[in-house]
Amino acid sequence: MNYSVKKIGQILNATTQIDSKIVTGVSFDSRKVKSGDLFVALVAENDGHDYVQQALTKGATAVLVDDRHQIDSKIPAIIVSDTLLALQQLGEYRRHQINPKVVAITGSNGKTTTKDMASAIMGFQYKTFKTPENFNNEIGVPLTLLTMPDDTEVLVVELGMDRPGQLTTLSELVSPDIAIITMIGEAHIEFFKTRENIAKAKLEITKGLKSQGTLLVPYDEPLLTNAQVKQNVQTFGQDIKDINSSSSKTIFAYQNTRFAIPLLGRYNIMNALAAISAGILLHIELKNAAEALQHFDLTKNRTEQLTTSHGVNLISDVYNSNPTAVAAVLATLKIIPATHKYVVLGDMLELGEQAASLHACLAETVINANVDGVYLVGPLMNKYLYPILQRRFDSAHLHQYETDQLAELIKDLQTLGENGDVILLKASHGIHLENVVNALVK
């Protein structure tokens, strides 16, 4: 990014002042501003206009502000009616200026892992950029567009969703050539009420999908395979052979090609096949995709495999959680070879009026996982799952903690298990089990 304040004003049809300054980056957090940045004063819980001076002191070249706030005439500025909308318009301009092939990914689970896999595959042949961290909303997506390098040939972008209409906005913003829906689960069912409504909202990703673009959906999800969309639809996930899992990787064959991914679980095979299918559409040979997936950069807290100081293996999947995701990762835990296995389950959030039944229904899944100990965290797990598990586990093997008792949980887990044993941690991000993970691997 290398735009003058005047150029940005022209792009946004906005008023400018001191417009010869050159902008080389963008930030909406005054604490993270770097020299050359455009500071975007967003109005949310905190009003970004209150931090304009702090941003300038940190090195911001200019500020993007709205016309309801007074700005000193000596400050380089772009003045608009809505700073969030302007940020999105600027991102959309850059998307079309650089004009990479765009692979857009959404889904109730697996979208970040699929993003990481797709980026690795595309990066084998193309100059590729992917969504940083979890920048997948109305703010994060335009920031992704504005931070991608000038020579980007393929952009792999993650699109999040928690309400109707959101994916329409994001899809139209990035105008994908390929769209992937990883799966339909129960994430955000509090707001959508049914899986059918979730599927309908996920299909909004086709609103910006190019008319000659392709939508990739799992072969075993009729809510997606039977959807009526105007673009080409292809399925992924079928014809997998020779699946074999070890404690550190999953091996499978697809179209006479052997793949070995450094992740556990059949659900990650589905994520891999979504990414592989996108690679095929962009003419990546399967042997090259297989090589790319042997080692790739995985975004933190997505089914990470870690080790404690005394040799216990940790499986950390603590960014989001819902019943489908919990069942999938417990099925994986069941087949991992280890003398002793333990599971830490935190509350699954945003399940609304179905929270009670969906937490209670985990009981059979937990029991079938054949674990040696269960550690439950949060009021929902304790109220709805704990009483059922009490019928199967005694007090020495079933434990409960409130969300403000993570220190006690850490203390109990630090002495749990021996070299080669496994502890799985799974929860919604709001439970903050990442703090437990960090303490255990210090």
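How many residues line the largest pocket, and which of them lie nearest its centre?

Author: The lining holds 47 residues, and Asn134, Phe135, Asn136, Asn137 and Tyr319 lie nearest the centre of the largest pocket. A pocket here is an open set of points on a 1 Å grid over the protein atoms alone, with protein on both sides within 12 Å along at least five of seven lines; lining residues have an atom within 4 Å of a point. The volume of the largest pocket is about 1,300 Å³. Volume is the space filled by probe spheres set on the points, which are joined across faces, edges and corners.

Two notes on reading the values. This is a predicted model, so local features need pLDDT of at least 70 and side-chain atom pairs pLDDT 80 or more, while totals for chains, interfaces and linings use all residues. Numbering starts from 1 along each chain as its sequence is written, and side-chain values use heavy atoms, without hydrogens or water.

S4, H4 and H5 each supply at least two lining residues. Helices (H or I, at least four residues) and strands (E, at least two) are DSSP runs, numbered from the N terminus. H5 gives the most to this lining, with four residues.

Take H5 (residues 140-147) next. Seven of its eight residues are buried, so the helix is largely enclosed by the rest of the structure. Buried means under 20% relative accessible area, exposed over 50%, partly exposed in between, with a 1.4 Å probe and protein chains only. The buried residues are Gly140, Val141, Pro142, Leu143, Thr144, Leu145 and Leu146. They pack against strand S4 (25-27), H3, strand S9 (128-130), strand S10 (154-158) and helix H6 (166-174).

H3 (residues 83-98) carries arginine 94. Arginine 94 is charged by name but buried by number: its relative accessible area is 1%. Beyond four places in sequence, arginine 94 is in contact (heavy atoms within 4.5 Å) with Met1, Tyr3, Asn99, Leu145, Leu146, Met148, Pro149 and Asp150. Two residues of that list, Leu145 and Leu146, are among the buried residues of H5.

At 1% relative accessibility, aspartate 116 is buried. Its C-alpha atom is 7.1 Å from that of phenylalanine 296, 180 residues away along the chain. Apart from neighbours within four places, aspartate 116 is in contact with Lys130, Phe296, Asp297, Leu298 and Thr299.

A nonpolar core is a set of buried Ala, Val, Leu, Ile, Met, Phe, Trp, Tyr and Cys residues joined through side-chain atoms within 4.5 Å. The largest one has 35 residues, and Val103, Ile180, Phe252, Phe259, Ile276 and Leu293 have the most contacts inside it. Strand S8 (101-106), helix H4 (111-123), S10, strand S11 (178-181), strand S15 (250-254), strand S16 (257-261), helix H10 (266-281) and helix H11 (286-294) each give two or more residues to this core. H10 supplies the largest share, eight residues.

Not counting residues up to four places away, isoleucine 180 touches Val103, Ala104, Ile105, Thr106, Thr114, Ile205, Leu216, Phe236, Ala274 and Ala278.

Next, the rings. Rings of Phe, Tyr and Trp (its six-membered ring) pair if their centres lie within 6.5 Å; planes under 30 degrees apart count as stacked, over 60 as edge-to-face, the rest as tilted. By this rule there are three aromatic pairs. Phenylalanine 252 and phenylalanine 259 have ring centres 5.3 Å apart and planes at 10°, so they are stacked. Both phenylalanine 252 and phenylalanine 259 are buried. Tyrosine 375 and tyrosine 401 are also a stacked pair, 6.4 Å centre to centre with 15° between the planes. This pair links distant parts of the chain: tyrosine 375 sits in strand S20 (residues 373-377) and tyrosine 401 in strand S21 (residues 398-401), 26 residues apart. Tyrosine 375 is buried at 6% relative accessibility, and tyrosine 401 at 5%.

A cavity is a set of grid points where a 1.4 Å probe fits but cannot get out. The whole structure has one cavity of 30 Å³ or more. The largest cavity holds about 30 Å³. Its lining is Ser245, Ser246, Leu264, Gly265, Thr332, Ile335, Ile336 and Pro337.
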